Amino acid sequence: MPSETSVVASVAKELFIGGKWTGATGGKTFEVRDPATGEVLCQVADASPADGVAALDAAVAAQKSWANHPPRERGEILRRAYEQLMARVDELALLMTLEMGKPLAEARGEIAYAAEFFRWFAEEAVRIDGGYATAPNGTGRFLVAKQPVGPALLITPWNFPMAMGTRKIGPAVAAGCTMVIKPAAQTPLSMLALAQILADAGLPEGVLNVLTTTNSGGVMEPLIRDGRARKLSFTGSTAVGRKLLEQCAEKVVNTSMELGGNAPFLVFEDADLDAAVDGAMQAKMRNIGEACTAANRFYVQRGVAEEFARRMTERMAAQPIGRGTEDGVIVGPLIDEAAVTKVSGLVDDAKQRGARVLTGGSVVEGPGNFYQPTVLADVPTDARMANEEIFGPVAPISVFDTEDEALELANDTEYGLVSYLYTSDVKRALRVAERLEAGMIGLNQGIVSNPAAPFGGVKQSGLGREGGTVGIEEFLETKYIAVAL
Ligand code: NAP
């Protein structure tokens, strides 16, 4: 196993522009901290708006030749990068754990998940198809071709520092788009490591440009408003997504938006309760609860509610808390102090409105940003956590009586990313799955993410899909050529 110091030292800490590592204007840098200890891991280049323009210039300059690059070669670059990610999973996982906090086993899982997007899109690069059809009048012909949408701006969050990047870079590379990517300032190291892997895999200069900055709005807004980038693919909060959509409107920039969630988790009396509890633990505790797909509200039918809550309480109380690098740790730190304050505020609010704490319910004394795995019962519908993303290890349980009531509760949110449903009745399963307002349904399953499946939300959880056979479409335009014979 590599040492913590050596993995941090191995990463270039500069901007990656036009195939070269370069310092930010004026040599400005910012600190990256370990959320488990609060200690500074390193300094990273802090891009200015001028650095942003240089990155966009590089992406624009490379677009034409990259679009003409043979699809097979684009795919093979991704394939080589996939192999490198898998070969270096231990050191990359340690790097991720250090900057983000998730336990090593989960970080390894994320590297493998991230790599799978490259493998998947390596295969998709050579499957971009078109069409040939006879016009209804019988004389004309329609040719339909797919072309890269153009230079793309990619913005990713801190909670999955590698996978949210490969989920965008994979299809952009496969489709023939160049790009400027901006990871979250809290977790820039995984993306910097990934940029070097792609360069080593043969990605030509200027195809991928990486900006790390503490001034995300100041650097990215001019690039969005510039108009030369024809695509914005964003993963992050709904609040920021709304702002970016407004900015995109000015030059009618094509957008893909992977935004926030407020996932309901329904357990019916006819469910396999062992499976439901296992699924609930996965849906709640993956990534320390800091996932857009995290189960945010548990609705359990009255006949099994008490037993479900008892088992969840037992499981949550037994979760080992600690620094993600330590053996056996399941619950790492939250990303920062503000996250702990937010989770703690949501729990206090629920308690004031009558919720009962079955386990946890408190901040863990520092150092580090830890919160106890928590189960709450009798959480009323007007509690803030019923309407906001908790983004932490807190499971609020409420009881329902009928299927209609469960659906009403589940759909009573502005979000629509994912819903989970546990039942053994196949008719109920399909009936409820069809009526749940969500882009994805976990049917007797606590994890839905899969690079080969279309990931994305409805309502205010987003626009477009990532992964699956549709993922590459987000980076392609359709061109119709009308042919007179
Ligand atoms: P966030 O605050 O919206 O930030 C996301 C990204 O946007 C970061 O890189 C951030 O950079 C950047 N950003 C913030 N303000 C910006 C602005 N004005 N202009 C341009 N970029 C800006 O979200 P987060 O707290 O990092 O991530 C958690 C959120 O992401 C949750 O809501 C979660 O549900 C959502 N998420 C969704 C999915 C999905 O697939 N639907 C997946 C993962 C996460 P800085 O942080 O450096 O400012």
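In this predicted model, helix α8 supplies the largest share of the shell around the ligand, with 3 residues. The ligand itself sits in the largest pocket. Two or more residues of the shell come from each of α6 (163-175), α8 (216-226), β10 (231-235) and α9 (238-250). Both domains take part: at least three shell residues are drawn from domain 1 (4-260 + 461-484), and at least three from domain 2 (263-414 + 418-450).

The shell holds 29 residues, of which T156, R167, S237, L259 and E389 come nearest to the ligand. By residue class, the shell divides into 16 nonpolar, 9 polar and 4 charged residues.

A polar side-chain atom of W158 lies 3.0 Å from an oxygen atom of the ligand, and a polar side-chain atom of K182 is placed 2.9 Å from a ligand oxygen atom. In the case of A185, a backbone N or O atom lies 2.8 Å from an oxygen atom of the ligand. The ligand taken alone exposes 890 Å², and the protein buries 86% of that area.

Two features of backbone geometry were also noted. The peptide bond joining G366 and P367 is cis, with omega at about 5°. P367 is placed in the loop between strands β14 (356-359) and β15 (374-377). N287 is found in the loop that runs between helix α10 (273-285) and strand β13 (295-301). Most peptide bonds are trans, and most residues other than glycine have a negative phi.

Notes: Residues numbered from 1 in each chain as written. Predicted model: local features only at pLDDT ≥ 70, side-chain atom pairs only at ≥ 80, totals over all residues. Heavy atoms only, no water. Near = heavy atom within 4 Å. Polar contact = N/O pair within 3.5 Å; in protein donor to acceptor, adjacent residues only side chain to side chain. Areas by Shrake-Rupley, 256 points an atom, 1.4 Å probe, with all protein chains shown as cover. 1 Å grid on protein atoms, 1.4 Å probe; cavity = no way out; pocket = protein on both sides within 12 Å on 5 of 7 lines; lining within 4 Å. Sits in = over half its atoms within 2 Å of the grid points. Helix = DSSP H or I, 4+ residues; strand = E, 2+ residues; numbered from the N terminus. Nonpolar A, V, L, I, M, F, W, Y, C, P; charged D, E, K, R; others polar. Domains from an automatic or database assignment.
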